[in-house]
Amino acid sequence: MMLPARIADRFKALILILLAIFLAEKLVSGTLYYYIGPRFSWLAVVGVVILILLASSFNLLRHGPDGQHNSHDHDHDHEHNHSHGDGRVSVVPLFIATIPLALGVIVPARPLGASAVDTRGVSTGFTSPADTSASILTIAPAERNVLDWVRAMSANPEPTALDGQSADVVGFVYRDARFDDDQFMVGRFTMTCCVADALAIGVVVHSTEASVLEADSWVRVTGTFQAGTLGGSPMPVLEAAEISLVMQPEQPYLFP
Amino acid sequence: MTLPFLAEQFANFTTVFLGIFIEAAPFLLMGTLASGLVEVFISRDQMLRVIPRRRIMATIAGGFLGLVFPVCECGVVPLTRRLFRKGLPVSSGVAFLLAAPIINPIVFASTFAAYGWGPIFVMRFVMGAGVALFTGLVFSANPDPSRMLLPQHLVPVSGGSGEAIDTAPVPPLGERLTRSLRIGADEFFDMVRYLIVGSMLAAALQTAVPQSALLALGSGPVTSVITLQVLAFILSVCSTVDAFLSLAFVNTFTPGSILAFLVFGPMLDIKSTLLFLSVFERRVVAYLLLIPLLATMLVALFINLNVNW
């Protein structure tokens with residue numbers, strides 16, 4: 001389907017403005033961090049500014065002495081989407097450009113959770129060259145999040161390494177075939193740049209209440225680490241003293 | 001709240017798709033902005049004066065143009081397209097296209113932040129420049145480079161593009177800026193569909209194919225290289241940040257494969273391959289994919305088999 005270029009230009013300006021609003025809304029509401037890490041939020045700001053600049057060019061030129069004329073050579077003999085004021089352009093590129101808007105509006109903003117773990121994989125270990133057991137041990141045990149504990153386990157893989165240490169962690173409930181009925185994992189996704197690189201990590205929890213917890217619900221678990229097993233392999237397991245249901249944190253991901 | 005399986009997968013697909021799109025779109029916007037400015041403020045004559053006449057020198061210059069235009073793999077495509085219209089030779093354009101996402105100050109900084117001064121840092125840029133220049137030179141051997149580009153990017157034989165600016169009286173600055181924005185906007189609509197389709201493909205693959213299965217494949221000197229090249233292609237993460245991501249693989253993968261990830265990934269991934277289709281003939285995109293893939297793979301294998309870190 002083809003549209004007269006003048007009409008297409010209005011749609012282009014409209015889509016640019018809507019994309020700017022879309023990004024700005026994500027930035028203001030904080031749901032931007034379901035998609036990209038906080039250290040890249042400046043990207044969204046840059047995006048909004050450029051989108052508004054580009055959109056403004058449509059309106060301004062209409063009043064310019066030069067009208068719609070631009071410096072393109074007018075090679076009309078091929079399919080080309082640059083508008084020339086009088087030609088007709090295809091709606092397909094415009095339609096495709098609305099897909100992020102449509103999906104963003106139809107599908108409620110949601111961070112990755114337990115259901116994404118199965119394809120993305122889950123790890124009870126996490127290391128980066130910057131990690132040393134010393135850097136983790138500077139964080140008081142009560143302050144450590146799931147990622148800190150998983151790092152501590154990677155730094156010292158002995159199943160008894162954490163025996164007796166008390167923990168207080170928040171994460172989503174995850175389980176797969178390896179877990180016993182009285183076990184589950186309190187999991188988090190870690191993310192470096194955007195959700196495309198999100199990796200799930202987690203701490204194995206042992207609790208008699210485990211079976212009543214619904215997968216993907218957010219919980220806060222306090223307890224003490226003891227040597228245990230997951231699917232036969234020995235590893236530190238958190239013996240839960242108390243489990244409470246909590247709201248999903250504002251920052252659902254952890255950032256290494 | 002638990003949704004049925006398919007709805008869950010669709011929600012996860014949407015999250016990953018929007019993640020890739022939101023991260024990449026600002027870079028594409030920056031690229032289209034730069035492209036609009038180049039169109040209005042740089043004439044073809046100025047361009048031809050800067051580019052060395054000898055093809056080999058022109059290719060090498062293209063490989064290091066990223067130092068002047070710090071763009072990643074999304075932003076580089078609109079800019080290269082525009083430079084082709086201004087008369088940039090195909091071989092230097094190819095070298096620029098492949099090298100700029102690596103040989104650029106932002107990537108220096110992020111790679112340094114992730115790896116510090118060391119063999120990975122140095123080799124990433126040596127290998128990146130080498131593979132890009134090699135590919136550019138292969139393309140420069142073609143006697144009729146104009147046939148590689150889609151027709152609308154050919155330099156017009158008479159009239160049109162650059163000349164119009166040179167002969168007409170120069171309009172006021174404000175008007176030229178507005179016009180460059182307008183050109184950038186058109187360009188954005190021309191290219192964003194490739195980014196969107198590419199991000200959707202990448203998100204669909206990530207939602208459907210278990211990554212753990214892929215990662216389990218690779219610890220050998222050969223399989224690790226192939227695995228991380230495939231992963232880099234599917235993940236489609238921006239080259240300015242992929243160094244941080246690769247840290248996750250450092251302990252389980254060979255040094256050669258990490259380098260392959262850091263060199264091949266920025267040059268080509270699902271979204272940039274689709275963006276290339278807006279510049280080149282399909283057959284040329286296939287070569288653009290295969291030559292860097294194989295060249296990076298060979299160097300990475302050589303490192304794995306011969307260098308002991």
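Visitor: Where do I start with a predicted model?

Guide: Start with confidence. The predictor gives the complex an ipTM of 0.85 and a pTM of 0.81. Then go chain by chain. Chain B has an average pLDDT of 84, and 91% of its residues score at least 70.

Visitor: Where in chain B is confidence lowest, and where is it highest?

Guide: Look at the helices. Helix α8 of chain B, residues 161-167, is lowest, with a mean of 47. Helix α15 of chain B, residues 282-306, is highest, at 94. Now look at residues 157-166 of chain B, where pLDDT stays under 50. For that stretch the model has 16 contacts beyond four places in sequence.

Visitor: On to chain A. How many helices and strands does it have?

Guide: Chain A has seven helices and nine strands. Its length is 256 residues, and 37% of them count as buried.

Visitor: How do I read its contacts along the sequence?

Guide: Ask how far apart the partners sit. Take the contacts in chain A with a separation of 6 or more. Of these, 70% are between residues 24 or more positions apart.

Visitor: Which domains are assigned to chain A?

Guide: Domain 1 covers 2-106, and domain 2 covers 114-254. Seven residues of domain 1 of chain A are in contact with eight residues of domain 2 of chain A. On the domain 1 side, the touching residues are five nonpolar, two polar and no charged.

Visitor: Show me one strand. Is β6 of chain A mostly covered or mostly uncovered?

Guide: Mostly covered. Strand β6 of chain A spans residues 199-206, and seven of its eight residues are buried.

Visitor: What should I keep in mind about side chains in a strand?

Guide: In a regular strand, side chains alternate between the two faces of the sheet.

Visitor: Which strand pairs with β6(A) in the antiparallel sense?

Guide: Strand β5 of chain A, residues 183-190, over eight bridges. Follow one of them: V186(A) has V203(A) in β6(A) as its bridge partner.

Visitor: Which strand, joined to β6(A) by two bridges, includes residues 122-123?

Guide: Strand β3 of chain A, and the two run parallel. Find V122(A), which stands opposite A200(A) in β6(A).

Visitor: How does β8 of chain A run relative to β6(A), parallel or antiparallel?

Guide: Parallel. Strand β8 of chain A, residues 233-245, is joined to β6(A) by two bridges. Here H206(A) stands opposite E239(A) in β8(A).

Key
Residues are numbered from 1 along each chain as its sequence is written. Chains are lettered from A and ligands numbered from 1 in the order in which they are written. This is a predicted model: local features need pLDDT of at least 70, side-chain atom pairs count only at pLDDT 80 or more; totals for chains, interfaces and linings use all residues. pLDDT is the predictor's confidence in each residue, from 0 to 100. Helices (H or I, at least four residues) and strands (E, at least two) are DSSP runs, numbered from the N terminus. Two residues are in contact if their C-beta atoms, placed from the backbone, lie within 7 Å. A residue is buried if 20 or more other C-beta atoms lie within 10 Å of its own, exposed if 12 or fewer, and partly exposed in between; C-beta atoms are placed from the backbone. Domain bounds come from an automatic or database domain assignment. Ala, Val, Leu, Ile, Met, Phe, Trp, Tyr, Cys and Pro count as nonpolar, Asp, Glu, Lys and Arg as charged, and the others, Gly among them, as polar. Two strands pair if DSSP finds at least two bridges between them.
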